[in-house]
Amino acid sequence: MNSDFEISKHATDQARERGIALESIFLVLNQPDKIIDDEIGQVIYQKKIKSTYEMDVLIRVFVNKLKNPFLVKTVYLTTKINKYQ
């Protein structure tokens, strides 16, 4: 676990519902392909990975950087990789 980030209950619930392992979230946070400043205090970390079905997916992790530690607000995955890169 990375002490620079805290994962909210909402993000934990969303990850569970969407089949995203906590290890995958920390992989995205620690080794992102891209970091996007979305609005004041919110940053999106994203990384392309292989899903359990061997297809490429993009995991997007939304973080509130005004909190200490940084707060992971939500997370989702998408196959629409080109839309976000």
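Phe5 is buried, with a relative accessible area of 8%; buried means under 20% relative accessible area, exposed over 50% and partly exposed in between, found with a 1.4 Å probe on protein chains only. The model is predicted, so local features need pLDDT of at least 70 and side-chain atom pairs pLDDT 80 or more, while totals for chains, interfaces and linings use all residues. Residues are numbered from 1 along each chain as its sequence is written, and side-chain values use heavy atoms, without hydrogens and water.

The pLDDT, the predictor's confidence in each residue from 0 to 100, averages 91 over the protein chain, and 96% of the residues score at least 70.

The sheet comes next. Its 5 strands form an open, mixed arrangement in the order β1-β5-β4-β3-β2. Helices (H or I, at least four residues) and strands (E, at least two) are DSSP runs numbered from the N terminus, and two strands pair if DSSP finds at least two bridges between them. Because β1 (5-7) and β2 (34-39) are edge strands with a single partner each, one side of each has no neighbour in the sheet. From one strand to the next the twist averages 35°; axes are lines fitted to C-alpha atoms, for helices over the stretch in contact, and angles run from 0 to 180 degrees between N-to-C directions. β1 pairs with β5 (residues 70-78) in the parallel sense over 3 bridges, and Glu6 stands opposite Leu71 in β5.

Helix α1 (residues 9-18) lies across β1 and β5, at about 20° to β5. Helix α2 (residues 22-30) packs on the sheet, touching β1, β3 (42-50), β4 (56-64) and β5. Contact means heavy atoms within 4.5 Å.

A nonpolar core is a set of buried Ala, Val, Leu, Ile, Met, Phe, Trp, Tyr and Cys residues joined through side-chain atoms within 4.5 Å. The largest one has 18 residues, and Ile25, Leu29, Tyr45, Val61 and Val72 have the most contacts inside it. Two or more residues come from each of β1, α1, α2, β3, β4 and β5.

The whole structure holds 3 aromatic pairs. Rings of Phe, Tyr and Trp (its six-membered ring) pair if their centres lie within 6.5 Å; planes under 30 degrees apart are stacked, over 60 edge-to-face and the rest tilted. Phe5 and Tyr45 form an edge-to-face pair, 5.8 Å centre to centre with 85° between the planes. Tyr45 is also buried, at 5% relative accessibility.
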